[in-house]
Structure formats: C-alpha cells, structure tokens
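Please look through the sequence and the model shown here before reading on.

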Amino acid sequence: GSIIAAATLADGDAVKIALPFWIAGAGIVASVFGFFAVGTKDGASQRQLLFALHKGVILSSILVLGFSAVIVSQLFGHDDKEGWKLFACIAIGLIAGILIGQATEYYTSYSFWPVQSITQAGITGPATVIIQGLGIGMVSCVGPVLIIVATILGCNALSGQYGISMAAVGMLSTLGVTLATDAYGPIADNAGGIAEMAELEERVRDTTDALDALGNTTAATGKGFAIGSAVLTSLSLLAAFKDKAGLTIVDIGDPVVLSGALFGAMLPFLFAALTMLSVQKAAGAIIIEVRRQFAQIEGLREGTAEADSDKCVAISTQSSVEEMILPGVYAVLSPLITGLLIGPKCLTGMLGGSIASGMMLAIMMANAGGAWDNSKKYIEIEGACGGKGTTTHKACVVGDTVGDPFKDTSGPALNILIKLMSMISLTIAPIIRGWEDWQYWYWGLLPIGLCFIATLLVWHFYWRNTQDITAPIDDDVVKAPAGTEGEKLLGAAPA
C-alpha cells in the first residue's frame, strides 16, 4: 500500500516511482543481515530477551539507512537537495517505527509499571483488572500519536505528501525483521501449549512461558509498527485520492465533509464490534461442543479417554470464515456507498474520520490486550502477588480472556480496514472525479442494496439459529447412546 501511494504521488516522475521499490528491496537485504544479530544466553531476563530482538531491528535499520543513502545518491545525484530531503523522510519513518515499538513495549512488557499496575489491580478482583487495563490501553495512545503527528508534519515540511509516503516506505522497509518478531509471539505460545499437552518436564514449560511473555510484547510491538505504517500509508492514499478525484481544498467545516468524517469515525467501532461478537459466538459454540464431549465420551472426565479436538478446530475454522463475511462486505462497500451516493468530498471526510478513529482504537485494543495477557504472565513467571492459583491470578486470567480478542482479532483487523477503504476509494476516484454532492445519488443505491442483502443473508444463515450456551445439554442439542455414561451425564451437565 505504501509503495502504491508513493508511486501514485510521484506524478509520473520515473525516479520517484522507482525510489520506493529500491528502498523496499534494500530493506529485504537488510532484514536478512538483521536476522543474524538476534541471540541471547540461557536464563535471560525479559529485558535481555527484548534486547536480543532489538539488536536485529536496530542493525536492519542502520543498514537500510546506509543502503538508502547510496540509492538516493545514485538516483538523484550527490548534490540534489530534493533527493536528500527524501532520504531524511525515509530516516524519519525508520526512527518513528522504532520509537513506536519502544512506546508499545513500555505499556505491554511486565518489566515496566503499566503491566505491573494491572496485576496489582487484580488484588481487588477482575473488575478492577478490566478498568486498569482499559485505562492503560487508552493512555498508551499518547506516545504513538505524538510520534506519528511529528512524522507527518516533518515529512510534509521536507517533501510534501510524497515525503509522507516515503516515510511509510521507510517504516516498513525492515518488515522482514518486524514481521518475524510479530509472528514469534504465536509460535512461542503454541510451543508452550505443546509442552503442556505432551506433559514435558517443568523446566521446559518455564522456558516456553518466558518466551510466551516476550511474544506478547513483541506481537504488540509489531502491531504498533503496522498501525503507524497503516496511518501513514492511508494518509498518502488519501492525498492520492484527492488528486485523482479532482479535489484541491476540503473544508472540514462543510456539513457534507463533517458528516462523512463522523460516519468514517463510526466504522472502526462497527468493525471491531462485529469481530468481537464473532469471537464470543465461536467461543460459545466450542463450549457447547466441549460440554457435549464431556457428556458423551466415557472416561473423559477421569482422564482415561481422549477428547475429539478436531471438532473444536473445525468449529473455530468455520466460524473464522463465516464471521468475516459481514465485516468484509461493510469495509468494501462503505466507500462505494459514500462516494457514489453523496460525492468525493463526503468520501474524503469519511476516510479522514476512519483513519483517526481507527488508529486510536487499534492502538488501544492491541496494547490493552497485550498488557492484560502479560499481567497474568507476571504472576505465573515471577510469582507476583502470591503466584498461581490465588484470587489475584484468577482475576488476571479474566483480563487475559478479555484481552485475547482485543489484541488478536479486533485490533489488528482495523489496520486492514483503513488501508482497504483508502485503496478502494483511490480505485473509484477517476469515476467520481468532478461530481457535485448528490449529483448521481441513484448509483449509490446499488451498494446500499448489496449491503442490505448481505446483512439479511448472514443473519439468516449464520446468526439466526445461535445456540444458547446457558441451556442444559439435552436431546435437542446432543443424543447420547442409551445406557452409556454419557446418557447419565446429559441431564446433570452444569449450565
């Protein structure tokens, strides 16, 4: 997306079109070298583990700066001021990404006060864990927003909208390393699950727990990179949209533009709500299946029989596909509805509102989720507040349960939302170029109709017959073979 935005804003200049591709290629090479810088010793603390990963990111960033200087000098010449201004924009983007990662790390690692304060809040119960976690998530928006604002203003002063797009390319140039640190989190989490299911010795589980806690922080850091780059990319795509749609000045005081901004600010909340509700629905279906297996499979309660885990995996996989239909439809059709029904000015306001609102919500959800998760890990690994099994630990487990859909589902999805809507808007910009407000409103009825039909179909096939997870398991839900232990447990299964 950032490369497309930069190439679009190059105004046909072949050198400017080539620059983002060269920088991205240099970033791949730099990331390969950064990989070899990652390493630590046995028994390392959380801060030492974090520094081990930082070495890879820092080395890659330094190499990208060196490669970028060579590329700029070759493309623009040694004495071209414009080329070196673009180099400064690339450097600003790189530094901004590192700073956003550091800010995210502070709010999600249990080595620092924010996560420790959530653990302390667990002394008085799960409600205060939720309150403290939400507060930490909200205040964590301050640092990244200030960094992004400074980046936008600085790059705009140096080289305009194209400079902002090159800052996004610079921030994403080390994606090979930052994406690896993001993917590291679920890998370490699954390693811990395998160690537990395989009943390996305790020291193995202790090691995977420490790596899992580190993974929660690195995943949040990776999401911070993604959010920051998504905002810069979307802003560049917005500028490209204005150019292609023939807009020069957009007045936020114009009721049409402000209405679009309000509508756009609502969309990330709708998107996040749909994904959160989908998680709850899928979790409920798995709970029903687990209760069914306890009722039907003899010896499962006693540990002498194996559970049918494939069924639970199938439920989760099917739900993940089904529940993304409606959010996907809304994300694709919202720009079409706004642009075709009202016009390009309203669509510009919608994009601006969605970028601002989506950034805040994504940062808050990603960081709050990571902080909740590590508040539990702080107890389990460091033995804080009495260690495992205490009421404080149980309270933090509740926070972790709330945080998982925050950081793993809704938060990351918002990056895709704002970039997708920006790219769709850029695609239809030539079509609506020069349109006045409401000039061809009847074309907007088509995407509205598609939205309505999709909503009805999803409700009819996937939402209408949602099972009640509070109902006792009976013959309407499952049928146990007569005379089996499962038949005795059906009526006695707890609600």
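Rings of Phe, Tyr and Trp (its six-membered ring) are taken to pair if their centres lie within 6.5 Å; planes under 30 degrees apart count as stacked, planes over 60 as edge-to-face, and the rest as tilted. The structure is a predicted model, in which local features need pLDDT of at least 70 and side-chain atom pairs count only at pLDDT 80 or more, while totals for chains, interfaces and linings use all residues. Residues are numbered from 1 along each chain as its sequence is written, and side-chain values use heavy atoms, with hydrogens and water left out.

Under the ring rule, the model contains 10 aromatic pairs. Ring pairs join Trp435, Tyr440, Trp441, Tyr442 and Trp443 into a cluster. Tryptophan 441 is partly exposed at 43% relative accessibility, and tyrosine 442 is partly exposed at 42%. Tryptophan 438 is also partly exposed, with a relative accessibility of 46%. This tryptophan 438 lies in the loop between helix H14 (391-432) and helix H15 (445-463); helices (H or I, at least four residues) and strands (E, at least two) are DSSP runs, numbered from the N terminus. Most residues other than glycine have a negative phi. Tryptophan 438, however, has a positive phi, near 65°.

How are the rings of tyrosine 110 and tyrosine 378 placed? Their centres are 5.4 Å apart and their planes stand at 35°, so the pair is tilted. Tyrosine 110 is buried, with a relative accessible area of 4%, and tyrosine 378 is buried at 17%.

The packing of helices comes next. Two packed helices are described by the angle between their axes and the distance between the axes. Here the axes are lines fitted to C-alpha atoms, for helices over the stretch in contact, and angles run from 0 to 180 degrees between N-to-C directions. Angles under 35 degrees count as roughly parallel, over 145 as roughly antiparallel, 65 to 115 as roughly perpendicular, and the rest as oblique.

The axes of helix H5 (residues 113-121) and H13 come within 8 Å and cross at roughly 70°, so H5 and H13 are roughly perpendicular. In this packing, Val115, Gln116, Ile118 and Thr119 of H5 touch Ala371, Trp372, Asn374, Ser375, Tyr378 and Ile379 of H13, where contact means heavy atoms within 4.5 Å. Pro114, Val115, Ser117, Ile118, Thr119 and Ala121 are the buried residues of H5. Their cover includes H4, helix H6 (126-139), H13 and H14.

Helix H13 (residues 344-382) also packs against helix H7 (residues 142-172), at an angle of about 140° and with the axes 10 Å apart. That angle makes H7 oblique to H13. Pro144, Val145 and Ile148 of H7 make this contact with Met359, Met360 and Ile363 of H13.

A further packing involves helix H10 (residues 255-296) and helix H12 (residues 325-341), whose axes come within 10 Å and cross at roughly 165°. H10 and H12 are therefore roughly antiparallel. Phe263, Leu267, Leu270, Phe271 and Leu274 of H10 meet Pro327, Gly328, Tyr330, Ala331, Ser334 and Thr338 of H12.

Two single residues complete the account. Serine 354 belongs to helix H13 and is buried, with a relative accessible area of 1%. Setting aside its neighbours within four places in sequence, serine 354 is in contact with Gly264, Ala265, Pro268, Met359, Ile418 and Met421. Leucine 50 is placed in helix H3 (residues 46-76) and is buried, at a relative accessible area of 4%. With neighbours within four places in sequence again left aside, leucine 50 is in contact with Glu105, Ser109, Leu214, Thr217 and Thr218. From C-alpha to C-alpha, leucine 50 and aspartate 373 are 17 Å apart in space, while 323 residues separate them in sequence.

Definitions and conventions
Buried < 20%, exposed > 50% of the residue type's maximum accessible area, 1.4 Å probe, protein only.
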